[in-house]
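Subject: Structure for your files

Hello,

The structure is handed over below, and my notes on it follow.

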Amino acid sequence: MRPTQPLRASGAPDYRIGTYLGGWGSFGGTKQKGIVSYGVAANRQNPFAGAFHDAIFNTFRRTKSQIFYWLPPLVAGYYLMNWATERNHYLQSKAGRAEFADEEE
């Protein structure tokens with residue numbers, strides 16, 4: 001017997017000799033003790049429990065924290081487009097053409 005053989009007898013897999021590791025979730029080591037896990041059957045779960053309530057309050061919280069980043073540019077863009085549209089309508093009207101007719105050429 002080699003002196004390293006007792007070290008390998010701890011139950012850990014030896015990858016050099018091709019030890020089978022086991023199925024998914026039990027990779028060849030010793031079994032763990034004292035771990036209890038509980039589950040709920042798929043037909044007993046309610047995946048959308050509280051989703052509507054959480055969506056409302058989460059949307060409010062995220063909007064409240066980000067509103068000063070997107071609201072001022074949105075308002076400025078709206079007023080700029082409104083001014084440009086009104087100015088264009090005035091320049092294309094009879095009064096606007098009469099006022100600025102000599103400046104175009």
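The unreviewed UniProt entry annotates residues 67-84 as "transmembrane region"; UniProt positions are in the numbering used here, feature names are shortened, and annotations may be inferred rather than shown by experiment. This is a predicted model, in which local features need pLDDT of at least 70, side-chain atom pairs count only at pLDDT 80 or more, and totals for chains, interfaces and linings use all residues. Residues are numbered from 1 along each chain as its sequence is written, and side-chain values use heavy atoms, with hydrogens and water left out.

Over residues 67-84 the chain is 100% helix and 0% strand, with 26 Å between the end C-alpha atoms. Helices (H or I, at least four residues) and strands (E, at least two) are DSSP runs, numbered from the N terminus. The protein chain has three helices and zero strands.

Helix α2 covers residues 51-91 and includes Leu74. Its end C-alpha atoms span only 53 Å, whereas a straight helix of 41 residues would span 60 Å at 1.5 Å a residue (1.5 Å times one less than the number of residues). α2 bends by about 60° at Ile67, the bend being the angle between axes fitted to the seven residues ending there and the seven starting there.

Leu74 counts as exposed because its relative accessibility is 52% (buried is under 20%, exposed over 50%, partly exposed in between; 1.4 Å probe, protein chains only). Of the 105 residues in the protein chain, 3% are buried.

Regards
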